[in-house]
Amino acid sequence: MANFSPQSFSTKNDASSRAPLGSSTESSTTVANMKNHVGELINPDQRENALNVLSKSRDVYHELAPLLWNTACIVTIFLQEMILIYPALSSLELTAAQSNRVCNVLALLQCLASHSETRMPFLNANMPQYFYPFLQTTSKLAQYEYLRLASLGVIGALAKTNIKEVISFLLSSEVATFILHIILANDEGLEYICATAARFFAVARALEMVLGSLEKQPCPRLLKLVVLCYCRLSYNHRMIYYLKVGIALASCLPNTLMDATFINLFREDLIILKLLETLHDNIRKYQIPLEQTGGGGVETIVGPSVSGI
């Protein structure tokens with residue numbers, strides 16, 4: 001993976017760092033060279049070199065994102081490059097060269113995600129869904145690690161904008177919920193999130209927002225991830241703060257997971273039904289402790305810091 005360095009995952013290529021058009025960093029020669037390399041992407045024989053050069057030129061030519069997005073066939077080529085390696089992901093036959101090539105594609109997608117002119121078209125095209133399979137990989141081999149890091153770099157570039165529409169997209173997307181599930185699935189991640197009221201309720205609010213979006217646009221796969229997240233939050237490690245977190249979860253679990261709101265999605269999926277059964281069993285375990293708090297509410301359970309959330 002010599003052609004791809006960790007620095008390539010940086011999200012510094014955002015709106016605040018761009019030089020204006022016509023600045024000394026963007027000479028006519030630079031513009032001509034960038035247009036030439038973008039044109040080379042269309043030629044399969046020249047594509048690999050063009051991807052490598054362009055991925056390293058994001059800070060040299062700050063209008064690269066609009067050029068890429070508005071040039072015919074380029075985004076389609078990016079999608080083709082990513083989809084081409086899907087079979088190698090599951091067979092564990094991904095090579096370093098294949099990974100490096102797609103990492104360069106992801107670096108250019110990060111460029112699109114960072115630029116103010118291409119960010120929303122990028123989201124409206126649902127581009128993050130195409131690198132979701134890279135985040136699902138579990139192999140510790142370097143070529144898979146690089147793909148995961150590059151994918152997270154694109155998401156980081158989106159999250160860094162702090163724009164309402166972007167944040168709403170991330171919260172309601174399968175990608176963001178998958179990342180949250182990966183964190184919760186790890187014992188250290190679960191402990192970190194449950195260690196303070198602020199973290200716990202921030203995650204609970206995010207999951208509730210995702211459920212709200214699912215009421216309008218049902219998605220069984222996303223629903224399964226949400227239920228998995230709630231199950232992990234309800235997990236009893238026989239530790240006192242997990243009991244407190246479980247009680248807090250019982251007090252704020254959305255009614256849509258307890259009633260018939262998603263029954264049509266549940267009916268055909270035995271895995272979700274089993275997960276819900278586990279979640280409801282865990283919640284019932286906390287009902288007696290909840291009553292024993294004497295009506296003190298959530299603040300009594302997880303501490304006074306929650307009152308400032």
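View 1. Mean confidence is lowest in helix α18 (residues 297-302), at 35, and highest in helix α4 (residues 74-84), at 97. Confidence here is pLDDT, the predictor's per-residue score from 0 to 100. Helices are DSSP runs of H or I with at least four residues, numbered from the N terminus. The protein has a mean pLDDT of 78, and 80% of its residues reach 70 or more. Over residues 288-309 the pLDDT is below 50, and this stretch has 25 contacts beyond near neighbours in sequence. A contact means heavy atoms within 4.5 Å. Residues 1-25 stay under 50 in pLDDT, with 56 contacts beyond four places in sequence.

This is a predicted model: local features need pLDDT of at least 70, side-chain atom pairs count only at pLDDT 80 or more, and totals for chains, interfaces and linings use all residues. Residues are numbered from 1 along each chain as its sequence is written, and side-chain values use heavy atoms, without hydrogens and water.

**View 2. Positive phi at L92.** L92 is not a glycine, yet its phi is positive, near 60°. The residue sits in the loop between α5 (86-91) and α6 (96-114). L92 counts as exposed because its relative accessibility is 55%. Classes follow relative accessible area: buried under 20%, exposed over 50%, partly exposed in between (1.4 Å probe, protein chains only).

**View 3. Positive phi at N126.** N126, also not a glycine, has a positive phi of about 60°. Its loop runs between α7 (119-124) and α8 (132-136). N126 is partly exposed, at 33% relative accessible area.

**View 4. I263 and L273.** I263 belongs to helix α16 (residues 263-267). Its relative accessible area is 34%, so I263 is partly exposed. I263 and L273 lie 10 residues apart in sequence and 9.6 Å apart in space, C-alpha to C-alpha.

Key: Helices (H or I, at least four residues) and strands (E, at least two) are DSSP runs, numbered from the N terminus.
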